[in-house]
Amino acid sequence: MQPLDSVDRRLIAELRVDARAPVSHLAKRVGVSRATAEKRIARMIATGAILGFTVRARDDVRGEVRAVMLIEVAGRSTSAVIHSLKGMPELRTLHTTNGGWDLVAEIEVETLAEFDRVLREVRSIDGVLNSETSLLLSSA
């Protein structure tokens with residue numbers, strides 16, 4: 001994949017704000033021609049730098065419980081734990097990390113009862129030593 005330059009990054013930033021904006025508006029905001037913006041977006045889609053477009057709803061409209069869970073894994077069981085976690089549809093994202101925690105997971109469920117169940121399921125996975133979870137209350 002070709003490295004992204006500052007124009008590509010600015011286009012992606014504009015798409016994050018409004019993925020439905022016309023290419024001509026994106027080009028104007030970034031300071032390039034419409035043709036340049038169109039070609040760059042097409043290239044980033046083709047190379048996988050842009051995976052898709054989505055709708056972001058306000059938190060109060062979605063009615064979901066969201067949280068970030070930090071997970072400590074025992075020894076060499078990281079691959080097995082990741083495999084188990086990837087099978088949980090309530091985990092929107094899963095990242096390996098450095099520092100005191102081995103994994104970071106974003107949880108998204110409809111109710112606090114589901115949230116409680118997901119926490120118990122994650123903590124019961126063989127190889128999970130410890131976890132710390134923070135509810136996401138609002139987004140800036």
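Visitor: What makes the charges of the protein chain sit apart on average? How far apart are the mean positions of the positive and negative ones?

Guide: The 20 positive and 19 negative charges have mean positions 10 Å apart. Lys and Arg count as positive, Asp and Glu as negative, with His and the chain ends not counted; each charge is placed at NZ of Lys, CZ of Arg, CG of Asp or CD of Glu. Mind you, this is a predicted model: local features need pLDDT of at least 70, side-chain atom pairs count only at pLDDT 80 or more, and totals for chains, interfaces and linings use all residues. Residues are numbered from 1 along each chain as its sequence is written, and side-chain values use heavy atoms, leaving out hydrogens and water.

Visitor: Why is the protein chain called more spread out than a compact globule?

Guide: The pattern along the sequence is α-α-α-α-β-α-β-β-α-β, where helices (H or I, at least four residues) and strands (E, at least two) are DSSP runs numbered from the N terminus. Its radius of gyration, taken over C-alpha atoms, is 19 Å, well over the 14 Å from the globule rule for 140 residues, so the chain counts as more spread out. That rule is 2.2 Å times the number of residues to the power 0.38.

Visitor: Which residues of helix H5 are called buried?

Guide: Val81, Ile82 and Leu85, in H5 (residues 78-86); buried means under 20% relative accessible area, exposed over 50%, partly exposed in between (1.4 Å probe, protein chains only). They cover an arc of only 100 degrees around the axis, so they lie on the same side of H5; the arc uses directions from the helix axis to the C-beta atoms. Ser79 and His83, on the other side, are exposed.
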